[in-house]
Amino acid sequence: MTVANSFESLFHVRILFQGRDRDIELRVPEYEEVFALILPPEHRSPERMSVMFPAEFKRLIKSMEGSSIDIEHARAIYADSQAAGQLVASRNRLFETLAEQGLIYMQCPHCLSWEAEVSVTALTTALQAGPWPIIDQRLFLAVPSLAQHFPKFLRTRQFPYSSRIRFQLPSTVVGIPAASRSGVLGYADAQHGAMERAAWQRWTPSEVSGREQWREDVSGFHAALRLSVALQYLDGVSGEITPEAVLQMPAIDFYFLDNLHYLAHNVAITDEIKVSVRCEKCGQTFVLAADAEN
Ligand SMILES: [Zn+2]
């Protein structure tokens, strides 16, 4: 599997580092590699960020001038504010562009035999909402939407909502190898949170080595666990969808799903007509969002 030509340029950047132009090839890390680097705003002290940014740069850079880089190189890039700024801008473009490439299929709740195919852009336009940010202040990895519990909002329910949200992951569209290509997304707060509470009990009391960050106060993990609860199906995963399956996704797939969950469940819909579509099979109308209890 190779990256489609239209996205190739996002991976190749030239940055001015220590007075010389360098060719840098970027990569998309697995979510597992970056989730522990996501800090809420109040924890982003200069001291902590001077550890977090080099760690992220090391995972983000596949090669510089054809060679892999170590943590010392990554620290030197961070210390060079112009180089660090260019690298951050390239990372923002890479993550934000690729995470939008996933495809969404919303099932008609009347006949269950037709799906509206929508892009992330089309959905945000219809909802009159921005996507959930991947990057905060154009600089920091933002806290994912799934790391918090939004209050239940009111819906007028003039029309029924889509009965199932299927998706194709950005990695598949873009051409990045991944264990899963597609799946079905449900609701992280289903059963009034009982599923999430069960998942915390099941996955986090263990003292398994390598899982020190599997904690509720680690925002990036909180979001991963809630996504594992929300996912109803993921191809390539037989049986239960574990937090591990989520952590192993390319980060762009995680960010796509975090945004899709937010758009489908958490955005307030003031005008259902604007977010509705007419089924091409049965001719009835439904809203391009999920019913909260699905
Ligand atoms: Zn229909």
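Start by selecting helix H8 (residues 194-203), a DSSP run of H or I at least four residues long, with helices numbered from the N terminus. Glu-196, Ala-199, Trp-200 and Trp-203 are buried here, meaning under 20% relative accessible area with a 1.4 Å probe and protein chains only. Look down the axis of H8: the buried residues fall within an arc of 100 degrees, so they line one face of the helix; the arc is taken from the directions from the helix axis to the C-beta atoms.

This is a predicted model, in which local features need pLDDT of at least 70 and side-chain atom pairs pLDDT 80 or more, while totals for chains, interfaces and linings use all residues. Residues are numbered from 1 along each chain as its sequence is written, and side-chain values use heavy atoms, without hydrogens and water.

Now turn to the other side of H8, where Arg-197 and Gln-201 are exposed (over 50%). Next, show helix H9 (219-230) and helix H10 (243-247), against which the buried residues of H8 pack (heavy atoms within 4.5 Å).

Stay with H8 for the second largest pocket, to whose lining H8 gives the most, with 5 residues. To see this lining, select Met-195, Ala-198, Ala-199, Arg-202, Trp-203, Ser-228, Val-229, Glu-240 and Ile-241.

Finally, move to the largest pocket. Domain 1 (5-98) and domain 2 (102-290) both give residues to its lining, so the largest pocket lies between them; the domain bounds come from an automatic or database assignment. Helix H1 (5-11) is one of the elements that supply at least two lining residues there.

Key: 1 Å grid on protein atoms, 1.4 Å probe; cavity = no way out; pocket = protein on both sides within 12 Å on 5 of 7 lines; lining within 4 Å.
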